[in-house]
Amino acid sequence: MDYIFYTSFSIIFFILGFVSTTNLIYNEKALKGFIYLTTLLPITKIILVYHLKYQVSIYYFFFIPLVFLYFNKLLFSRYIEKKTFHALVLILLFITLYFIYFFINPIKNVLAINVLKDIKPFVLIFLSFLFIDFYKDKLKRILTKKFCERLILYYFIISTLFFYLLIKYNLHLVLTDDKYFTINGFRYETIGTYFGIIYIINSLFQSKKLSFKTIMLVLIPTLYTGNRTLLFSIIVVIIIFYLSKLSLKKIKIFASIFGFLFLILSYFINKANELSPLFRFQKLYKSEYIIESLVNRYSPFIDTIKSYSISEYIIGTGFGQTFFIPWFTWRDNIDDYNIYIDNLYLTLYAKYGVFFIVIFILMYYYLSSYLSKQTRFFYFVMVLIICITNAMVYQFNFLWIFILLAMPFRNDLGTSVR
């Protein structure tokens, strides 16, 4: 059943990508279809086996025609986007140098699949460039307030239905036999979650009016995720954004209001029962939990670098480096040696040493290529915070999130705000 689902939607996404790059009549409709499917389909960890095979998610197939089109243009046309070409050169240079290093200083028992997993984040960043370069004009026409808020409403309905089924009927136990989901709290996070989040943040940055209804339609599904780091990053970015616009007097007023709201939120968190998405936040009020959690979470990194030579502390060990994850041993069909840990900085440092900064340079270059100085700063801060507890570039949702960050959402009058 999972292969039927995976194959069917992979073909659908490929067809949408093909039509969006070749058919002048239906290309915009195909792009809309891609946005709708990517946002509304339950592409989530709970049903990973249905939408991810060999590290390739179903929505990646949309990009295949786009890649062929770009390299055809690169070989036979004089005009290509300089920023995308520069990113490609940097990516190829970095990969080439570390391949050379890989053969000079090979890791014992390295698997080819793990090498490919390490190359994948660079490919996804490049695909983000391609997508925005090719579709930016069409996106400016598509991403109206009406389109976005309709999509947000549809996502709210679908995500709420799924979350209800998870709580009421244990839907996750029907869809997966992974022991992880049988003992952990209910969490429903799809790649569609991020469409509403980025839309709301973008609207705030552009001083666009948002209704209370729209805010609630985005906030409630965000709480379904139970993703504490994501929520923290959003709050921090919004606070910094508003503080940068206020006088000292208004900052004091803002701090008082925020403190009051924080107390209210704390009350509801402390009163939350085990089935509530707020329940996971109770532990954040205990310092011993935070310390123990961080030590446990990062212990695979510490155990890995204990045996490093001096040169490896500077250059890393290169592609294919894995980490032994003790708490994976009880999960079926999960390799005990994982390609990343829950911190992108430590993950990349173990692989590339001090040169891990290259991937962050690429991410910032991408944001600076399409966003204003202010917007790219806040989005980059948000990414940096998320990376503290999430190796996001290795996740199946990374490509879609990164594309969303540079989406040219329109204002109320229907003109581009970028």
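Which residues does Phe131 touch, not counting residues up to four places away in sequence? In this predicted model, the list consists of Leu31, Phe34, Phe62, Phe63, Leu66, Lys136, Leu139, Ile403 and Met407.

A pair of aromatic rings is described by the distance of the centres and the angle of the planes. A search of the whole structure finds 54 aromatic pairs. One of them joins Phe71 and Phe126, whose ring centres are 6.2 Å apart; the planes meet at 45°, so this pair is tilted. The two residues belong to distant parts of the chain, since Phe71 is in helix H4 (residues 64-76) and Phe126 is in helix H6, 55 residues apart. Their surroundings can be described by relative accessibility. Phe71 has a value of 34% and therefore counts as partly exposed, whereas Phe126, at 6%, counts as buried; the cut-off for buried is under 20%.

Phe163 and Tyr224 provide another example. Their rings are stacked, with 4.3 Å from centre to centre and 10° between the planes. Phe163 lies in helix H7 (residues 145-169) and Tyr224 in helix H11 (residues 212-224), so this pair ties together parts of the chain that are 61 residues apart in sequence. Phe163 is buried, with a relative accessible area of 6%, and Tyr224 is buried with a relative accessible area of 10%.

Rings may also be joined in a cluster. Here, ring pairs link Phe94, Tyr98, Phe99, Tyr101, Phe102, Phe103, Phe122, Phe319 and Tyr352. A ring can have a charged neighbour as well: Lys53 lies over the face of Tyr3, at 4.0 Å from the ring centre.

The structure holds three cavities of 30 Å³ or more, and the largest cavity contains about 60 Å³ of space. Its lining includes Thr39, Ile152, Tyr155, Gly192 and Phe195. The elements that give two or more residues to this lining are H7, helix H10 (193-205) and H11. Of these, H11 gives the most, with four residues.

Notes
Residues are numbered from 1 along each chain as its sequence is written. This is a predicted model: local features need pLDDT of at least 70, side-chain atom pairs count only at pLDDT 80 or more; totals for chains, interfaces and linings use all residues. Side-chain values use heavy atoms; hydrogens and water are left out. Contact means heavy atoms within 4.5 Å. Rings of Phe, Tyr and Trp (its six-membered ring) pair if their centres lie within 6.5 Å; planes under 30 degrees apart count as stacked, over 60 as edge-to-face and the rest as tilted. Buried means under 20% relative accessible area, exposed over 50%, partly exposed in between (1.4 Å probe, protein chains only). A charge sits over a ring if NZ of Lys or CZ of Arg is within 6 Å of the ring centre and within 35 degrees of the ring normal. On a 1 Å grid over the protein atoms alone, a cavity is a set of points where a 1.4 Å probe fits but cannot get out, and a pocket is an open set with protein on both sides within 12 Å along at least five of seven lines; lining residues have an atom within 4 Å of a point. Grid points are joined across faces, edges and corners, and a volume is the space filled by probe spheres set on the points.
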